[in-house]
Amino acid sequence: MAAGQRPHGRGHPDVSRSAPRARSRGRPLAAGSPVRRPGGPVGLEAAVNVSGHLRVETYRRGRVWVAKYRRADGSSTRKVLGPAWVKDSGRATPRGATVWRAADGTKPEGSLTPKEAQEALRVLLESERAVPVARRPGAADASFGAAAAAWLSYVEVERGIATTTLNRYRSLVGVHLVPAFGDRTPLRAITTERIDAYIGALVRGERTAATGRPLSRDSIRQLFIALNGILRRAQRRGLIAHNPMADAERVAVAKSTGEFHVLQPAQVEAVARAAATDWTPMLAGPRCRTTVTHRHAYALTLQRRWNAQHWAACIRIAAYTGLRLGELRALRWRDVDWAGAVLHVRRNAPASLPASAGDKPPKSGRVGSVPLIPQAARTLEALTRRRLDPDDPAADPMYAGEFDFVFPAIDGRMADIESARHAFYRALALAGLGYLRQQHPPIRFHDLRHTFGTLAVRAFPLSDVQRWMRHADIKTTMRYVHYVPQHDAARRLGEVFATELGPVAEDLAAAPVTSAADPR
């Protein structure tokens with residue numbers, strides 16, 4: 001067992017578990033419940049949730065005892081108690097923690113045995129419990145709804161989080177947290193036990209989303225993060241002495257396997273062609289308690305054809321440049337450098353935001369650029385000649401100005417890019433690749449970006465691909481290496497072993513190969 005585990009075992013119980021518990025009217029107080037010190041000043045309270053444990057950590061000078069404990073004001077801290085005079089007993093607790101024993105020989109002055117370290121921790125916790133904690137006026141009346149609103153204002157104004165993140169937090173608070181804990185519920189009434197019960201109900205599927213379906217583990221984890229932010233902010237403002245989330249059970253989320261889908265170039269073209277033909281003309285006549293005129297039917301037909309051609313081009317550009325869906329949405333003609341064969345990535349407009357929200361800097365926060373390969377250039381060049389009615393050669397091209405969007409709505413404004421996702425999924429089915437949506441994980445529009453990365457690493461160094469895809473960490477780019485086919489890897493590796501083995505290789509080659517099922 002590595003150093004840094006708590007001392008357990010017979011005769012050396014964990015101090016944090018054996019610390020005396022304050023009582024009120026003969027009943028044990030719940031963890032985190034405040035208790036007023038008799039004779040203390042009015043408005044001063046101390047928290048009974050002061051607790052801690054010991055760890056043995058290895059520094060350059062040797063092993064030391066470290067006390068990690070929670071202070072009376074609810075904050076967590078650590079303190080080095082002194083050198084550890086211990087040895088590994090060779091036993092471990094059921095959780096795998098090392099059981100430490102006092103080392104043999106004469107103990108150096110200042111060193112601590114497990115028993116002495118536990119006594120030092122007990123004294124430290126008792127002194128901390130004696131410290132009164134100031135509470136702000138009005139803390140007793142602070143409600144959860146007010147604390148949640150204050151936290152949302154804090155993350156919006158002071159922290160300046162992205163609009164998409166802010167909208168997600170508002171949804172989590174308004175749809176889930178406030179209805180679950182109550183808008184007027186006093187903060188002091190929200191305990192660790194209540195939080196654990198709520199999270200447990202979500203995990204078991206007893207509480208569901210508005211759709212009636214259970215929340216995913218990732219959604220539950222986001223609720224956990226938001227709730228922790230609300231209560232931690234309330235603690236810093238002096239409204240509560242302790243954040244009950246500090247002791248709540250964490251939500252385990254399955255680690256992503258990193259799997260994704262990669263389309264071959266021929267498949268990309270097949271899907272794009274299917275998307276381009278995925279439209280039907282609007283017919284005039286009675287429809288849904290109304291009558292569609294010939295003029296209206298003609299206009300709707302042009303719009304359907306316009307959308308189909310646009311999303312077909314969008315699918316190609318996504319696969320040939322690796323741009324994210326929001327970056328495609330914010331792309332303007334001024335970002336296309338025809339002479340330099342470069343596509344600049346200057347802005348991003350996440351699909352979750354309405355068009356009225358505008359765009360913002362790219363996800364990486366920095367402007368990037370991508371090579372404009374001939375296949376992508378031809379697709380973009382065709383868009384510069386687009387007309388509302390492709391069959392009218394006399395019509396002028398539309399939306400080809402420097403500041404026009406490359407993929408605009410039919411009125412020239414920023415498009416609802418979610419339609420591109422739906423068009424992609426329909427085109428997959430039309431191209432005979434609909435089964436990819438049934439696999440786990442199902443193929444997504446974002447996998448077109450993975451297609452670009454996988455093809456790019458076959459011809460260019462990882463550092464170049466990292467720069468084009470604007471990855472902050474090279475590890476993110478390295479996942480594409482696993483998808484590069486190495487058809488001759490076995491032959492080349494075998495030649496290396498044959499060279500190293502020399503004459504032995506000839507004997508091995510001459511020896512008969514006997515399988516495990518061979519009776520000989």
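The largest nonpolar core has 52 residues. A nonpolar core is a set of buried Ala, Val, Leu, Ile, Met, Phe, Trp, Tyr and Cys residues joined through side-chain atoms within 4.5 Å. Buried means under 20% relative accessible area, exposed means over 50%, and partly exposed lies in between (1.4 Å probe, protein chains only). Leu 263, Leu 328, Leu 380, Phe 407, Phe 424, Phe 445 and Leu 448 touch the most other members of this core. At least two core residues come from each of α7 (265-276), α8 (294-321), α9 (325-330), β14 (342-345), α10 (374-383), α11 (418-430), α12 (447-456) and α13 (462-469). The top supplier is α8, with 9 residues.

This is a predicted model, in which local features need pLDDT of at least 70 and side-chain atom pairs count only at pLDDT 80 or more, while totals for chains, interfaces and linings use all residues. Residues are numbered from 1 along each chain as its sequence is written, and side-chain values use heavy atoms, with hydrogens and water left out.

Take Phe 445. Not counting residues up to four places away in sequence, Phe 445 touches Cys 314, Ile 315, Ala 318, Leu 325, Leu 328, Ala 420, Arg 421, Phe 424 and Tyr 425. Such a contact means heavy atoms within 4.5 Å. Another core lies apart from the largest one.

Now the chain as a whole. The chain has 16 helices and 15 strands. These are DSSP runs, numbered from the N terminus: helices are H or I with at least four residues, strands are E with at least two. Of the 520 residues, 39% count as buried. Among contacts with a separation of 6 or more, 59% join residues 24 or more positions apart.

Is α12 mostly covered or mostly open? Mostly covered: 9 of its 10 residues are buried. Among them are Asp 447, Leu 448, Arg 449, His 450 and Phe 452. The cover over the buried residues of α12 includes α7, α8, β15 (368-371), α11 and α13.

Next come the aromatic rings. The structure holds 9 aromatic pairs. Rings of Phe, Tyr and Trp (its six-membered ring) pair if their centres lie within 6.5 Å; planes under 30 degrees apart count as stacked, over 60 as edge-to-face and the rest as tilted. Two pairs are set out here.

| Pair | Centre to centre | Angle of planes | Type |
|---|---|---|---|
| Trp 333 and Trp 338 | 6.4 Å | 20° | stacked |
| Phe 460 and Trp 468 | 4.9 Å | 75° | edge-to-face |

Trp 333 is buried, at 6% relative accessibility. Elsewhere, Phe 144, Phe 181 and Tyr 198 form one aromatic cluster.

A cavity is a set of points on a 1 Å grid, over the protein atoms alone, where a 1.4 Å probe fits but cannot get out; lining residues have an atom within 4 Å of a point. How many cavities of 30 Å³ or more are there? The count is 1. The largest cavity holds about 40 Å³ of space. Its lining is Leu 323, Glu 327, Ala 330, Leu 331, Asp 335, His 344, Val 345, Arg 346 and Arg 347. Both α9 and β14 give two or more residues to this lining.

Key. On a 1 Å grid over the protein atoms alone, a cavity is a set of points where a 1.4 Å probe fits but cannot get out, and a pocket is an open set with protein on both sides within 12 Å along at least five of seven lines; lining residues have an atom within 4 Å of a point. Grid points are joined across faces, edges and corners, and a volume is the space filled by probe spheres set on the points.
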